Amino acid sequence: MTPTSPVVDVHSHYVPHGWPDLGDACGGSGWPSLRVDSATTATIMLGEKAFRPITDACWSADQRLADMDADGVDVQVVSPTPVFFAYERTAEQAATVAGIFNDLALEITQQATDRLVPFCQVPLQDPDAACRELDRCIANGHRGVEIGNHVGDVDLDDEGVIAFLQHCATQDVPVFVHPWDMPTSPRLDRWMARWLVGMPAETHLSILALVLGGGFDRLPASLRIAFAHGGGSFAFWLGRADNAWHQRNDVVRGRSDAPPSSYVGRFSVDSVVFSEASLRLLIDTLGADRVMMGSDYPYPLGERPAGDVIRRSQLSEGVMAGILGANAIRFLGSPASS
Ligand code: CO
């Protein structure tokens with residue numbers, strides 16, 4: 001199959017191969033560091049605790065490009081790994097961390113600017129600082145921003161977050177929302193349940209917050225915003241949310257002007273859902289132009305080859321081409337942002 005536009009993967013992550021000691025740079029303790037285990041393997045450490053083993057695919061542009069070639073991917077959006085967001089720290093600390101990682105991201109993506117599209121991170125706990133870091137990054141070559149789906153107990157309908165998203169719309173910068181900081185409990189700490197159950201629930205809640213919290217009503221329709229992992233549980237339970245909006249309008253309506261299904265069309269999702277039935281649900285519920293290929297590369301819960309579920313599906317050639325690339329090209333917009 002030959003798509004009419006480049007094949008674009010909107011969901012991948014990087015980790016730099018080392019960074020300055022964040023305790024020295026920011027003060028405090030328990031910061032992420034990298035323990036290099038071999039030429040091609042390392043472990044992200046949180047303080048003294050191992051958080052995640054990683055490979056050179058996280059930091060090596062050559063390895064990344066070779067995997068993209070093997071998977072038939074032309075362009076990849078390269079986003080931060082959420083463990084580095086530092087939203088739980090002070091805004092000053094988070095801004096320092098964001099600056100360090102955003103600059104290191106450019107060192108990776110600058111090796112193939114036509115194929116590796118960097119998305120930055122921002123200190124979202126401080127909207128003004130977040131806007132400043134966004135502007136700095138866009139001026140330096142970043143093409144978008146990845147944000148976590150919440151800041152502590154603050155959801156995406158928070159006035160400060162809305163102000164940041166408004167700024168993204170004004171600056172014509174695409175936003176990718178990634179779940180993170182999932183609730184922890186003995187029940188959720190087994191079998192990667194925080195990833196298997198927590199992440200889809202977090203993403204579901206984020207979209208509902210923008211709907212029922214009146215976030216979309218306060219934001220321009222021109223905002224380009226996408227959610228990871230197919231939007232989590234949202235599409236599957238949209239009917240339940242609509243029914244609740246009508247049946248318990250006194251409570252569920254929140255600040256929204258219309259039922260949740262009315263806001264379909266205001267956001268996009270990625271395709272990393274692994275089954276054709278799930279992919280078709282997204283297309284049927286959100287629209288064929290609202291689904292974009294994403295892989296979650298290079299992590300083990302991601303899809304390899306990237307886009308496999310799309311290419312193996314029975315979708316029409318036009319729909320497939322849109323999901324593999326054309327929709328993402330619209331999402332990313334013009335690279336000439338200055
Ligand atoms: Co991811």
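Predicted model: local features only at pLDDT ≥ 70, side-chain atom pairs only at ≥ 80, totals over all residues.
A cavity is a set of grid points where a 1.4 Å probe fits but cannot get out.

View 1. By the rule used here, the count comes to one cavity of 30 Å³ or more. About 40 Å³ of space lies in the largest cavity. Its lining is made up of Asp9, Asp67, Met68, Asp71, Val73, Gln76, Ser295, Tyr297, Arg304 and Ala306. Helix α2, which spans residues 61–71, supplies the largest share of this lining, three residues. Sorted by class, the lining holds four nonpolar, two polar and four charged residues.

**View 2. The largest pocket and its lining.** Here we turn to the largest pocket, where about 1,300 Å³ of space lies. It is lined by 45 residues, and the closest to its centre are Met182, Arg194, Trp195, Met199 and His229. To find your way around, look for strand or helix labels: β4 (49–55), α6 (193–212) and α10 (276–286) are the elements that give two or more residues to the lining. In terms of class, 29 lining residues are nonpolar, nine are polar and seven are charged.

**View 3. The second largest pocket.** The space in this pocket comes to about 190 Å³. Of the 15 residues that line it, Arg224, Ser268, Arg290, Arg330 and Phe331 lie nearest its centre. Helix α12, residues 317–332, gives the most to the lining, with three residues. By class, the lining of the second largest pocket divides into six nonpolar, four polar and five charged residues.

**View 4. Helices α3 and α4 side by side.** Two packed helices are described by the angle between their axes and the distance between the axes. In this view, the axes of α3 (residues 91–109) and α4 (residues 127–140) come within 11 Å and cross at roughly 15°. Angles under 35 degrees count as roughly parallel, so α3 is roughly parallel to α4. The crossing of the two helices is right-handed. Where do α3 and α4 meet? On the α3 side, look for Ala98, Gly99, Asn102, Asp103 and Leu106; on the α4 side, they meet Glu133, Arg136, Cys137 and Asn140. The residues of this contact divide into three nonpolar, three polar and three charged.

Notes:
Residues numbered from 1 in each chain as written. Heavy atoms only, no water. Axes fitted to C-alpha atoms, helices over the stretch in contact; angles between N-to-C directions. Helix = DSSP H or I, 4+ residues; strand = E, 2+ residues; numbered from the N terminus. Parallel < 35°, antiparallel > 145°, perpendicular 65-115°, else oblique. Left-handed = near helix turned anticlockwise from the far one by under 90°. Contact = heavy atoms within 4.5 Å. Nonpolar A, V, L, I, M, F, W, Y, C, P; charged D, E, K, R; others polar. 1 Å grid on protein atoms, 1.4 Å probe; cavity = no way out; pocket = protein on both sides within 12 Å on 5 of 7 lines; lining within 4 Å. Points joined across faces, edges and corners; volume = space filled by probe spheres on them.
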